[in-house]
Amino acid sequence: MAQSPPTARDHDQPVIWTLSVSRLSDLFRDIAREFDDQAGIEAIHLAYDEAVRHIQERLQTERCDAIIAAGSNGAYLKSRLPIPVFIVKASGFDVMQALARARKISSDIGLIVYQDAIPELAEFQSTFGLNIVQRTYVTEEDARAQINELKAMGIKAIAGAGLITDLAEEAGLTGVFIYSAASIRQVFNDALELAQLTHQESTHRRHTSSGAHYHARHSLQDLRGKSAVMQEVRHAIALFARSPATVLIHGETGSGKELVAQAIHRESTRGLTVHARAERPFVAVNCGALAESLLESELFGYEDGAFTGSRRGGRAGLFEAAHRGTLFLDEIGEMPLALQTRLLRVLEERAVVRVGSSRPIPVDVRIISATHCDLEQRMLEGRFRADLFYRLAVLRLRVPPLRERPGDLAQLALWWLNHALAALDVRPHANLPAEIETCVPLLAAYHWPGNVRELRNLMERLALYMADVPLQTLTPAFLKSIAPELAAAAADTLAVDGGGEELAADVPPEKTETLQQVLQRYQGNRVAAASYLGISRTTLWRRLQAAGASDAGEAS
C-alpha cells in the first residue's frame with residue numbers, strides 16, 4: 001500500500017519513490033525525513049510485478065524522477081521501468097557488522113546475497129575463526145530454497161537483505177539485517193542529485209532522440225571475464241580513473257564500450273576537492289544518432305530565440321549538465337567536421353558557448369569518447385581533425401571483441417542465461433553450468449560480429465525456449481536447433497577441419513612447442529594460439545581435450 005502522494009507545494013521539487021515490503025521500509029522512512037525539504041519522497045510498499053504494474057499505471061499521469069529499492073526487488077524494477085532505479089548496496093563495513101552481530105548468536109553463520117558472492121569473506125572468516133556459509137539468490141523462491149538448505153545444515157543465524165531476514169525468521173531462524181543507515185543515506189544522496197538534474201530537463205529529455213542519460217549504472221564489477229585481455233582492460237580502467245585526461249575507447253559494436261566508460265567514471269574517486277567525479281553526473285550521447293543541428297544544440301545548449309522552435313528561456317547543453325562529471329561521446333567518429341571544430345575549442349578553453357550566444361560558460365568536464373571505426377584512417381581521409389584526435393586520445397583503451405576471449409564464453413553465457421531465466425521467473429537447474437561448458441566449443445566456433453550484446457540476445461532467446469520446456473537439457477544439438485547462426489559456423493569449421501578427421505594433423509615443423517607452451521606464449525588466448533598453429537579453434541580445443549584425457553590416463 002502506498003502513502004499519500006506529496007502535496008502541491010512539492011510540485012517544483014524532484015520526486016523520488018522508495019519501494020520495499022521488508023524491514024528496509026522503516027530505514028527508508030526514517031532517512032527520507034532528512035530529505036523532506038529537498039524532494040517529494042513517497043514510500044510504496046510493493047515489490048516485483050505488483051510494484052511494476054503500480055508504477056507503470058501512475059507514470060501515465062504522474063512524474064517520478066528516481067526510484068530507490070534494494071536487492072532482487074531493485075534489480076527486478078531496474079530491468080522493467082523507464083526511470084532510474086538506485087539499488088541499495090551493503091558496504092564491506094555493513095557486512096562485517098552484520099557478521100559480528102550474527103556471531104553473538106552462533107559461530108556457524110549463513111550469508112545470502114543477491115547474485116554475486118563476496119570472495120573476500122574467505123580470508124575474513126579464517127582470520128576471525130568463523131564458519132560462514134555463503135549463498136546467492138536471484139528470485140524469492142531461490143532465496144527460500146537457500147534458507148531451507150542452510151537450516152538443514154544446522155545454521156541458526158542468517159545475514160542478508162530484508163527479504164532474506166524475513167524469510168529466515170519465517171523458517172524459525174534468526175535474521176540479521178545487513179544494511180546500515182549510512183549506506184542507505186548515500187543512495188538517497190545519489191538519487192537526489194540525479195533527480196534534481198533530470199527534473200530540471202525532464203520535459204525536453206523525455207522527447208529527445210539523443211539517448212542521453214545522467215547516471216553511470218555500471219561499475220568495474222560488471223565487466224565480466226577472467227581472460228588475460230579482460231584483466232588488462234580492468235587494470236587500464238582503474239589506472240585511467242586516477243587521471244582527468246581524455247580517454248578514447250576503441251571497440252567493435254556490442255563489445256561494451258559504454259560499459260567501460262561508465263566503469264572509468266565510477267572508479268574516478270580522486271581529482272576533486274569536495275566531491276569525487278564518480279559522484280557527479282555521467283552524461284552520454286550518441287554522436288551518430290542525431291542530425292548536425294540537433295547534436296549542436298544538445299551538446300552546447302542554446303539561448304532564447306536561437307532558432308525556430310527553440311524553448312523560451314533557452315536550455316543548457318550536455319556539457320553544462322556534465323559539469324564536474326563525465327561526458328561520454330559515443331561514436332565520435334560520426335561527428336560532423338563543423339562540430340569537431342567547436343568541440344576542440346571547448347576542450348582548449350574549458351568553456352562552452354551556447355548556440356545564439358557569445359558568452360563563454362566555464363565547465364569542468366572529463367571527456368571519454370568511443371568509436372568502432374579507425375579514426376587515424378579517417379584523419380588521412382580528411383574526415384576527422386588530427387588536432388581533435390590527439391586531444392581526445394591522451395589515454396587509449398581497446399575493448400577486445402568476444403572472439404578474442406573464448407575463455408570467457410562460459411561465464412558470460414551462464415551470467416546472461418541466468419538473468420534471462422530469472423526475468424521469466426524460471427529457476428535455473430543445478431546442472432546448468434556443466435551443460436553450458438559442453439556448448440563452449442560450439443560457441444567458440446562462431447565469429448560473434450555482435451560481440452557480448454549478441455551473446456546476451458542469444459541467451460535471452462535460449463531462456464525463452466528453456467522456459468517453454470522446463471526439463472530440457474542444454475546440449476549443443478539443442479542450442480544449434482534454436483541458433484542457426486551457430487549451426488552454420490560449426491558446419492564451416494568442420495569443412496575447414498576436413499570433416500572432423502583425426503586430431504593429429506601435422507603442425508608446421510618450426511612450431512614444435514607443446515600446446516601448453518603455445519597457450520602460455522599467448523597468455524591463454526586460444527584464438528591467437530590457433531592462428532599461430534595454423535589450425536581452427538575447434539581443432540585446438542579437440543587437441544587440448546585429447547591431451548587432457550591422455551594426461552588423466554597416465555595419472556591413473
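Arg 461 counts as partly exposed because its relative accessibility is 30%, where buried means under 20% relative accessible area, exposed over 50%, and partly exposed in between (1.4 Å probe, protein chains only). This is a predicted model: local features need pLDDT of at least 70, side-chain atom pairs count only at pLDDT 80 or more, and totals for chains, interfaces and linings use all residues. Residues are numbered from 1 along each chain as its sequence is written, and side-chain values use heavy atoms, with hydrogens and water left out.

**Salt bridges**

- Arg 461 and Glu 485 join their side chains in a salt bridge, 3.2 Å from N to O. A salt bridge is a side-chain nitrogen of Lys or Arg within 4 Å of a carboxyl oxygen of Asp or Glu.
- This pair links distant parts of the chain: Arg 461 sits in helix α18 (residues 451–468) and Glu 485 in helix α20 (residues 484–496), 24 residues apart.
- Glu 485 has 23% relative accessibility, so Glu 485 is partly exposed.
- Arg 135 pairs with Glu 149 in a salt bridge, with the closest N and O atoms 3.0 Å apart. The two connect distant parts of the chain, strand β6 (residues 131–137) for Arg 135 and helix α6 (residues 140–152) for Glu 149, 14 residues apart.
- Arg 135 is partly exposed at 21% relative accessibility. Glu 149 is partly exposed at 37%.
- Asp 387 and Arg 385 form a salt bridge at 2.6 Å, N to O. Asp 387 is partly exposed at 33% relative accessibility, and Arg 385 is partly exposed at 26%.
- A network of salt bridges links Asp 26, Arg 29, Asp 30 and Arg 33.
- The structure holds 24 salt bridges.

**The chain as a whole**

- The chain has 23 helices and 15 strands. These are DSSP runs, numbered from the N terminus: helices are H or I with at least four residues, strands are E with at least two.
- Of the chain's 556 residues, 49% count as buried.
- Among contacts with a separation of 6 or more, 70% join residues 24 or more positions apart. Contact means heavy atoms within 4.5 Å.
- The accessible surface of the chain is about 26600 Å², and 52% of that belongs to carbon and sulfur atoms. The area comes from the Shrake-Rupley method with a 1.4 Å probe.

**Nonpolar cores**

- The largest nonpolar core has 38 residues. Such a core is a set of buried Ala, Val, Leu, Ile, Met, Phe, Trp, Tyr and Cys residues joined through side-chain atoms within 4.5 Å.
- Residues with the most contacts inside this core include Ile 16, Leu 111 and Phe 188.
- Helix α8 gives the most to this core, with seven residues.
- Leu 111 also touches residues beyond four places away in sequence, among them Val 95, Ile 132, Arg 135 and Ala 159.
- A second, separate core has 34 residues, including Ala 322, Ile 361, Cys 373 and Phe 389.

**A pocket**

- The second largest pocket has a volume of about 580 Å³. On a 1 Å grid over the protein atoms alone, a pocket is an open set of points where a 1.4 Å probe fits, with protein on both sides within 12 Å along at least five of seven lines; lining residues have an atom within 4 Å of a point. The volume is the space filled by probe spheres set on the points, which are joined across faces, edges and corners.
- This pocket is lined by 19 residues, and Gln 115, Thr 136, Leu 414, Asn 418 and Pro 428 lie nearest its centre.
- Helix α16 supplies the largest share of the lining, five residues.
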